[in-house]
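Here is a short report on a protein and the DNA beside it. Look at the sequence and structure first, then read on.

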Amino acid sequence: NSIPVPPPRSPPTLPPSQPAIFIPVDRSPEIQEARLLLPILAEEQVVMEAVTHNRVVVISGETGSGKTTQVPQFLYEAGYASGDGIIGVTEPRRVAAVSMSQRVAKEMNLSDRVVSYQIRYEGNTTENTKIKFMTDGVLLKEIQRDFLLTKYKVIIIDEAHERSVYTDILIGLLSRIVPLRAKRGRPLKLIIMSATLRVEDFTANESLFPARPPVIEVGTRQFAVTVHFNKRTPLDDYAGEAFRKICKIHRMLPPGGILVFLTGQAEVHSLCRRLRRSFPHRPVPDPGEGEGRKSQTWIDLANYSSVPLEEEEAEDREAGSDGDGEAGSEADLDLGDGDGAEAGECLTPGVSPVFRPAPGGTRLCVVATNVAETSLTIPGIKYVVDCGKSKRRFYDQLTGVSTFRVTWISQASANQRAGRAGRTEPGHCYRLYSSAVFADFEEFSPAEITRRPVDDLVLQMKDLNIEKSLVSAEELLISLGALVEPLQTGRYKELERAKLSCPISPLGRAMASFPVAPRYAKMLALSRQHDCMQYAITLVSALTVRELFEEFNRPAVNEEETQKLKGKRARVAQMQRIWAGQGVSLKLGDLMVVLGAVGACEFAGCTLHFCTQNGLRYKAMLEIRRLRAQLTNATNAIYPEAGLFVDPKMKPPLESQVTMLRQMVLAGLGDQVARRLPPGEVLEDKWRNAYKTPLLDDPVFIHPSSVLFKQLPEFVVYQEIVETSKMYMKGLTEIEAEWIPLLLPRYTHFEKPLESPPPSYCPDTGRVRCHRASTFYRVGWQLPAVEMDYPEGLDRFKHFAKFLLEGKVIKKFASYTSCLLSSPAVLLKTWAKLQPRTDILLQALASEGVDCREALLTTWKKSNQCEYNRRLDLDVLHCGLCAEELYRWLCSVDLLLALCVVNRCSVETTQ
DNA sequence: GAGCACTGC
């Protein structure tokens, strides 16, 4: 039943054929036999000719065709990995990269030193590696180091139809790299593998590939799946509809596993309970406990969603109460050969060992969310029940607010789900919605890049010196100090254009080398200053992984379970309070909890037992552990003097370090500050305990799970805002208002320096200091006046001149102060200009740019290179002789300054 | 006073 293969479009004249290369492969007879069944094998000739004659080739076909495992082998046999180049294959998921490399190594009878993989945390590549499977993000990082990907002769992008962000960006970059490599005489071949439906995305995009690349279509080994639509579409109760459908399938249809697609964890729980109640078997272990629970996500879906249904089923009262005649009839289980057979992806080799076969005399029923669509393959599924919906995260690019919504899936997703029924034999897919509804589905899910924040991507592109016109992300990066701020001159349009072409700063380069979001990368880059790096790394790891804690909020089925869940929630809340601590520690808020949780978990050896006891997600803790190791290595690579290591017995941070961490969080997440509405300003009830953020008009609230929920600090920084019943901030840290102007000057509008307290001279930095009040951008919150460097401008020269004459800058000058014709304070008077001597002094300082001690000494040094060079090595400020020389110099030559102000006699005596 | 799908560096 394979799709006819059109010949690849060939160029009018073929280049002279090259001598055929053939690298022998020693496959076992069993492997060879199995390969022959794969549709792709019949196309080897076609594929290889297309690759020979084209720089870019698209291979389309569902995963059942075997293209992922076979095409790299074709290329290897044709010599694409002999000599100085290797074959690279990207996958959107880690499991796929690992399992594919193992599978291909086995098929080719080669060691994993030759057919290897690389994922974020680990890999087995060697200098002998010829075929390298990797996740898409890994290859993107490699481009950052070697833009032309010189070690590869071929790059295969697998699963391109999934349109994952990294895959999208890779294809964009490779479309530019391929011609560059051709120009250099070391051609790189690009093979894009995609499901048939989405091939146009790549071939019809002329800015990607001006010459349309040839497409080779391959059939699948997929068995026919008959699709049955509901006549009616339930309004809301798709879970109930699923339940009824499962009951009917189970009662009336031949053996074979059932896979049910729902949208969320709670639904999965509740449907499983309902099924167990209706078809009781031996007790199924509670998902929240039991030693078989290796990891949360997988086991959740394995243990509690694998419901063996007994053949001698119990009376199904709930199904019996089904009043919907039409949906309840047996007609909709029609097994006749419909023409609705749809091929869908079904093959992900390396089936998860988590799924145990159903016990004898029972039927396997798996209730799952989206995971089962691409990430998991469950053996023995013959029936798919598809509610047609999925829960997706929506992200508002303007406000940064996340929401989770249950929406209709795309036609492509529905077909993907249906395909899961045809893996081992012909199957059936029951769609709990009508064909009319299906026809209204979007053809595809929107590409991921359109639905997520892009700041990290822009930074990476900048690191590659690629321009991208994404204004808001650029603004964020400028605010973080990762990009150089554009010049504030010129017309508006020029300004906008300047923004888009901001070069990357040294800080930005350092940030780009950390494989985390730019906000977190900035925290890491800053942590070097205060001996907080190991804490910052731990914090950033945990925040990147997110959702550290198990969710015990699901509705319970009976009193016993209610109590159990209540107990678990109480235990977690208690631990969170302990980890958060009191006083200074508590101000770090939910991030202190995270730090404490990771610290305690590692201290206990990161065991499953510890995680279960304390409501931590074991899988999350393992991921944090690996990310910590990676970030520690990355940090050591940038700052070798740091000498960091992952300390499993890391001590809690000192109070001073906690404060530094809070400041780092603020510096990294300066645009995610919220202020509590002062109780006196609460006019409407909806603003009670509410916070205001710069970007939202509506009130936001502290999430009840936060340890700061009852604290209600005036200023907080949040990690995210999720809109559920209200707008809730999560991941909170308390910050001090006076930090904002100092750490976030770019978000602050400063007022004029205050007259009281008066500006002062800082003997340590040699600069003029002052106090300034300020307001926070957009919302105009009044911020307390803080001490800071005096702003640039004429006034700074005035103050510096005053301090100079007062002897604050050069101590020795103090002895001359009494000889001055007028008090140094005259310089600050509005009428000072009327005194020519003060004006001449100011002009002299300004023309040399002398408004701090360093500038003064530099100018002096420059002007008196020969005369005073030797003495400058001495400490000018404390050596009387030098100070006098300096003073004389100031009076006589270059700056002319004191002459005009200082009493003539005094000058004569010193000269 | 609550309830979040999945994935990658």
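## Polar contacts with the DNA

This is a predicted model. In it, an N or O atom in the side chain of Y166 is 3.4 Å from a base nitrogen of DNA strand B. T724 brings a polar side-chain atom to 2.9 Å from one. Q265 uses a polar backbone atom, at 3.3 Å.

Which elements give two or more residues to the surface near DNA strand B? They are α5 (136-145), α6 (165-183), β14 (389-395) and β22 (727-730). With three residues, α5 gives the most.

DNA strand B is surrounded by 34 residues. The closest are R94, K391, R452, E547 and K730. Of the DNA strand B atoms that come within 4 Å of the protein, 59% belong to sugar and phosphate.

## An open parallel sheet

Five strands build an open sheet with parallel pairing. Their order is β8-β16-β13-β9-β12. The edges are β8 (225-229) and β12 (365-368). Each has a single partner strand, so one of its sides has no neighbour in the sheet. On average, neighbouring strands are turned by 15 degrees against each other, direction ignored.

Strands β13 (residues 381-386) and β16 (residues 427-431) run parallel and are joined by four bridges. Here Y383 stands opposite H428 in β16.

Helix α8 (residues 238-252) packs on this sheet. It touches β9 (257-261), β12, β13 and β16. The direction of α8 makes about 155 degrees with that of β13.

Methods: Residues numbered from 1 in each chain as written. Chains lettered and ligands numbered in written order. Predicted model: local features only at pLDDT ≥ 70, side-chain atom pairs only at ≥ 80, totals over all residues. Heavy atoms only, no water. Near = heavy atom within 4 Å. Polar contact = N/O pair within 3.5 Å; in protein donor to acceptor, adjacent residues only side chain to side chain. Pairing = 2+ DSSP bridges. Axes fitted to C-alpha atoms, helices over the stretch in contact; angles between N-to-C directions. Contact = heavy atoms within 4.5 Å.
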